[in-house]
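Colleague: I'm new to reading protein models. Could you walk me through a couple of features?

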Amino acid sequence: MNKLGIVDPEIAMWLEKELVREISTIELIASENFVYQSILEAQGSILTNKYAEGYPGKRYHGGCEFIDHIESVGIERAKKLFEAEHANIQPHSGVNANLAAFMALLKPGDTILGMNLQHGGHLSHGSRVSIVGQFYNAVDYGVSRETELIDYDQVARLARQHNPRLIIAGASAYSRQIDFARFREIADSVGCYFMVDMAHIAGLVAAGLHPNPVPYADIVTSTTTKTMRGARGGIILCKKQFAAKVDKAIFPGIQGGPILPNVMAKAVTFRIAMTEQFRAYQRQIIRNAQRMAQNLEQEGLRIVSGGTDNHLMLVDLRPAGISGQQAEDILYKVGITVNKNMIPYDPTPPAVTSGIRIGVAAVTSRGFTEEDIDSVSQIIAGLIRNANRGVEMEAYKGKVLELCRKHPLYLESFEMDGLFSGLENK
C-alpha cells in the first residue's frame, strides 16, 4: 500500500475510484486532457515544500536559487514556443491570468468588449456572474445567426459605439479559426488594447496549426492544460512595454507565492510542446475532430457552424428532440463524458441547453485514431437518436469498455485486463 493509503485510506479510496473512472471512460469534455507521466511527476514533486514570492532574482524568501533557475527556464521556453517578448508563468489558473491582464491594462469601470458566453465566449470575458462583469462595464459581441461565425462587422460596430478600453478575442466553445489580424485592425480603429485568451487552442498554436495571436495582441493569456496537455495553471504572454505591469498584477496584485510544482510542470509542458511528437499529436487532434463532426452530421445531428477547425464542436440536439442535459446524462450512463452547452441563440436555459460540447484532445492523448472516432460517433448518434425510445445500455457499455481497453491509460495492458474484467462483471 502507498503512503496515502496508510495515512488516509478514505481519500485514497476515492482517488482510486477516480483513476478507475478515467481509465474506463471515453473523455470528450473539451476542457480536459490526460497529461504525460512527466507532468504528473512534476506536479507531485518536492517543490510543494518551497515558498517563493516574487520573481527570479527578486524573491521575498531565501533558498530560491534553484527555483529561480527552474522558473527562468520555463519563462524562456514559453517565450520561444510562442515567439513572445515577455512571459509570466505564475498564474494559478486561466482566469487568474485574465484578471491580471485586466488589472495591467484597465481601471475598474472601464468598458471591455468580449464574446457572448452563449455564443461560445468565457465567463471571465465579461459575464455578469463573474467578478469581471462586476468590476468592468462589459459589452459583448457574438456570431452571425446565419453562419454561426464571429460577426466581425458587429465587433467593429460595437467598438465604434461603445469605445471600449479593451477588446477580447478567444472562446471556450467556438470551433472555427479566429481572425486575430481583423481584431487588431478593429482595436486600432478605436484606439484600444487587444487581448487574446487562447486557452483552448494553445496547443494548436504551438504546433503551427492555428494562427499565433502573439504578434497581434497586446496581451495573450492561456492555460497550459486543454490542448497543451500539460500543467495545471495559466500563463501570460505580452509585449515588453506591458511586462512590468503584468508581473506586478500577478504579484503582489492578485496572487501571493506561485505554486512551484506547477511552475516546474509548465516548464516541462513547454519542452514537450517543442517536439515533433507533440506536433504530430496536434495534427491527429484536428483529424479526429473533423472526422467526428463529419460522422455526426452524417448521422443526422447538426454541428454548429457546419464543422470545426480545432479540437471541439457544438452539437445542436434540437433535431433529435432532446436537451443537452438529457444527452449528457444518457452518454455518461454508458461511460462517455460530454458537457451540456448552450448553442448560439439558444432558446433553453443554461441548466438545460439545446446542445452538447464535444472535444477530442483527451481521447487523442489515449491514442484514438479516425477509426476509433468512427466507433465513438456511432455510439453517440445511436444513443441520442434513440434517447426517447429506450436504449439497450449494456451493448453500448461494452463497446465503450472495448475502446478503453484498446487504448490503455497510465497502466500496463495486463493490469488493464484485470480492471476491465472487474468492470464487466458488475
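Predicted model: local features only at pLDDT ≥ 70, side-chain atom pairs only at ≥ 80, totals over all residues.

Colleague: Which residues are closest to the centre of the largest pocket?

Modeller: Those are Leu15, Leu19, Glu22, Leu40 and Tyr410, out of 29 residues that line the pocket.

Colleague: And which helix gives the most to that lining?

Modeller: Helix 2 does, with eight residues. At least two residues each come from helix 1 (3-7), helix 2 (9-23) and helix 3 (37-43).

Colleague: How does the lining of the largest pocket split by class?

Modeller: You'll find 12 nonpolar residues there, along with nine charged and eight polar ones.

Colleague: Okay, now helices. How do I read two that pack together?

Modeller: Two packed helices are described by the angle between their axes and by how far apart those axes are. Here, take helix 7 (residues 152-162) and helix 8 (residues 180-190): their angle is about 20°, and the axes lie 9 Å apart.

Colleague: Why do helix 7 and helix 8 count as roughly parallel?

Modeller: Angles under 35 degrees get that label, and theirs is about 20°, so helix 7 and helix 8 are roughly parallel to each other. The crossing of helix 7 past helix 8 is right-handed.

Colleague: Which residues make the contact?

Modeller: From helix 7, look for Tyr152, Asp153, Val155, Ala156, Ala159 and Arg160; helix 8 brings Arg182, Phe183, Ile186 and Val190. Sorted by class, this contact has seven nonpolar residues, three charged and no polar ones.

Terms used. Residues numbered from 1 in each chain as written. Heavy atoms only, no water. Axes fitted to C-alpha atoms, helices over the stretch in contact; angles between N-to-C directions. Helix = DSSP H or I, 4+ residues; strand = E, 2+ residues; numbered from the N terminus. Parallel < 35°, antiparallel > 145°, perpendicular 65-115°, else oblique. Left-handed = near helix turned anticlockwise from the far one by under 90°. Contact = heavy atoms within 4.5 Å. Nonpolar A, V, L, I, M, F, W, Y, C, P; charged D, E, K, R; others polar. 1 Å grid on protein atoms, 1.4 Å probe; cavity = no way out; pocket = protein on both sides within 12 Å on 5 of 7 lines; lining within 4 Å.
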